[in-house]
Amino acid sequence: MTTSPTRPLPAVQLRVPTDEDAHAWHAVFADPDVMEFLGGPAELSAYEEITARQRMHDARLGYCLWTLLDGEGAVIGFTGAQPWPAEKSWGPVGEIEIGWRLGRSAWGQGYAYAAALATLERVREAGVPHVVAMIDARNARSVAVAERLGMELAEEFTTPGGNPARRYELPLRDE
């Protein structure tokens, strides 16, 4: 895990999502380019459900998808970890997936990498032995973050929706 010799990582803050963060996420992720690999922009109700679920994860597990704030405290996205949903008929059921999603204004500034490093530190402290990242293979930005974190490509596959995808893995301790 390295940082650029010419540019330090930006300051990031992570917090458990609040009810208000559902509105912030809805606004930040309303850009079709941000949601290109995720089915397009979602309704506010989807973010209300997601933020409520993340508060439950944090209370039960000690980690979740945290609201990502820049150095000035503005919401720029989310990052974190959560169990892969057991109700999905595909994917790494039982695994802990890390992920990140940033608003377009935060792209290309190192926020995703800095936030992912903070996520790895927190889930390691929570005792998670390894994590996965499920990424649409066409999403070059997310692929680059996973590889910069030192994640290893474990599998290439096609999702039930017909999209090319990759599963990356990273051990967090000797297993």
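The model is predicted, so local features need pLDDT of at least 70 and side-chain atom pairs count only at pLDDT 80 or more, while totals for chains, interfaces and linings use all residues. Residues are numbered from 1 along each chain as its sequence is written, and side-chain values use heavy atoms, with hydrogens and water left out.

I start with the whole chain. Its secondary structure comes to four helices and seven strands. Helices (H or I, at least four residues) and strands (E, at least two) are DSSP runs, numbered from the N terminus. The order from the N terminus is β-α-α-β-β-β-α-β-α-β-β. Along its principal axes, the C-alpha trace spans about 40 × 35 × 35 Å. Buried residues make up 42% of the 175, where buried means under 20% relative accessible area, exposed over 50%, and partly exposed in between (1.4 Å probe, protein chains only).

Next, strand β4, residues 96–102. Seven of its seven residues are buried. On one side these are I96, I98, W100 and L102, and on the other E97, G99 and R101. In a regular strand the side chains alternate between the two faces of the sheet. Strand β3 (residues 75–83) runs antiparallel to β4, with seven bridges joining them; two strands pair if DSSP finds at least two bridges between them. A81 stands opposite I98.

Rings of Phe, Tyr and Trp (its six-membered ring) pair if their centres lie within 6.5 Å; planes under 30 degrees apart count as stacked, over 60 as edge-to-face and the rest as tilted. The count comes to six aromatic pairs. W25 and F29 form a tilted one, 6.5 Å centre to centre with 50° between the planes. W25 has a relative accessible area of 0%, and F29 has 1%. W25 also forms a tilted pair with F78, at 4.8 Å and 50°. This pair links helix α1 (residues 19–28) to strand β3, 53 residues apart. Ring pairs link W25, F29, Y47 and F78 into a cluster.

Last, helix α3, residues 111–125. Its buried residues include Y111, Y113, L120 and V123. After α3 comes G127, whose phi is positive, near 90°.
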